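Here are a few notes to read with the model open beside you. Take them one at a time and look for each spot as you go.

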Amino acid sequence: ALTALKITNRGRFGVEPGKTLTLGAAILSGGGTNRGEFVCRGGTVDFLSTNSDYTVPTNINLAVDTNLTIKSLTIPSNAVLTHSENYWFELHRADLTLLKSSGTALDVQTGGRIDVNGHGYLSGRPGSGPGGANGTGGGDAAGGGHGGQGGPSAPQVPGRDYDSLLAPVRIGSGGGDGMGSGAKGGGAVKITSYGAVVVNGSITANGGPQGTHGGGGAGGAIWLSVRNAAISGAGALQANGTTGGGAGGGAGGRIAITGYSDMSAYSGSIQAVSGPGYGTYGAGGTIYQESAASGAGGGTVTIDFSNRTTTVYVNLPPLTNAVPDVLKSVKFILSNGARMAVGADDWISTLTLSHSNTWLELGGRTLITRRLTVVDKIYRGGVLTPAEISQFTDSVGGGKVVVLSSGTVFMMR
């Protein structure tokens, strides 16, 4: 066993698969001007076992690059849990399982952070990832996509959206390089907790810092899967896209919070919005919330653009690398300038367009729902088109929303 392990000044110490590190009573510590990083790559570490109630040290980053199962995790002020950066390929994601079922299994304290900002795909021509955007040396560069499309920058095509709405695990895509570099996408965090979760600090998977005359990076993914326990706190969950430097902004990422017994004591923020570009925002991302009582696939998807005006969409299904989510029991809420486009005939539980500046592009498709609410008006039956609903558009023609009345049977071929 080691007697001490100190990692300083951006030093990195990793434990590879098949290797074992025994620290025993030794103290893992850091220091110096810049933090060091302890990296879990799949090896065995004695203080990170299924019996461990682990507190992350305040002067070092703990990077989790693989599946890690421990009893409980505390992240105090000035402590950081992350994963290693990705570049051209998706190699690293943080996947934590916390086994403690009585009391608090995850405690992110005020000033503590789970932070994978900018740890997604690299920017480029085009940017890396399924939603990587393109750019030119002349300065035109679009934003990366993930939860929605990236911000456009004519003549460049914005990055496409991808990943599951209900169980997101993909890192965010990079923006296009223009006259300078674009921004990287955000990383990805999945936490499965058998006990209560308290977030007074932050869990963030935002795109990377703004490049110089390049497209913004898309937000990554956060999936907080709680096994019938409460979530509380006043912190922040974010998977935001980042600013395009004189180019298109990065799209919002995806967040899912599932299986919880109660969230009434959580007063913090949950956000997946686009970063601004040079007058061209990307689309916002998606936020899925599913309580234990609502059951698997019975939650609510919220799409909120935070009134950031754009011409691009969150697409249903996503434009590339789509996961076949079953949405028949899922409620959708579009608010604050949100734009959703229907790319295939589909069936959802309910649809709410909360504000007059929210839009549904039908694209010649049929969307079936049990109830439609547009601003303050509720529709409980009928076939509706842009001729009846001003918030509907249809660039192809023939698209419609079928609102089932009670007792209606509708066969979709």
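**Notes on pockets, a serine and the cores**

1. Start with the second largest pocket, which holds about 150 Å³ of space. A pocket here is an open set of points on a 1 Å grid over the protein atoms alone, where a 1.4 Å probe fits, with protein on both sides within 12 Å along at least five of seven lines; lining residues have an atom within 4 Å of a point. Points are joined across faces, edges and corners, and the volume is the space filled by probe spheres set on them. Of its 13 lining residues, Gly43, Thr44, Val45, Leu48 and Leu68 are the closest to the centre.

2. A word on the source: this is a predicted model, in which local features need pLDDT of at least 70 and side-chain atom pairs count only at pLDDT 80 or more, while totals for chains, interfaces and linings use all residues. Residues are numbered from 1 along each chain as its sequence is written, and side-chain values use heavy atoms, with hydrogens and water left out.

3. Who lines that second largest pocket? β6 (44–45) and β9 (67–70) each give at least two residues, and β9 has the largest share, with three. (Strands are DSSP E runs of at least two residues, numbered from the N terminus.) By class, the lining has five nonpolar, seven polar and one charged residues. Ala, Val, Leu, Ile, Met, Phe, Trp, Tyr, Cys and Pro count as nonpolar, Asp, Glu, Lys and Arg as charged, and the others, Gly among them, as polar.

4. Now try the largest pocket, with about 320 Å³ of space. Its lining has 13 residues, and Arg10, Arg35, Glu37, Asn61 and His119 lie nearest the centre. The lining splits into one nonpolar, five polar and seven charged residues.

5. Next, find serine 173, in the loop between β14 and β15 (188–193). Serine 173 counts as buried because its relative accessibility is 0%, and buried means under 20% relative accessible area (1.4 Å probe, protein chains only). Its side chain reaches the backbone nitrogen of glycine 131 at 2.9 Å. The serine 173 side chain also makes a polar contact with the side chain of tyrosine 162 (2.9 Å); such a contact pairs N or O atoms within 3.5 Å, one able to donate a hydrogen and the other to accept it.

6. Last, the cores. The largest nonpolar core has 51 residues, and Leu28, Phe38, Leu48, Tyr54, Leu62, Leu73 and Ile231 touch the most other members. Apart from it lies another core of 33 residues, including Phe305 and Leu316. A nonpolar core joins buried Ala, Val, Leu, Ile, Met, Phe, Trp, Tyr and Cys residues through side-chain atoms within 4.5 Å.

Key. Helices (H or I, at least four residues) and strands (E, at least two) are DSSP runs, numbered from the N terminus. Buried means under 20% relative accessible area, exposed over 50%, partly exposed in between (1.4 Å probe, protein chains only).
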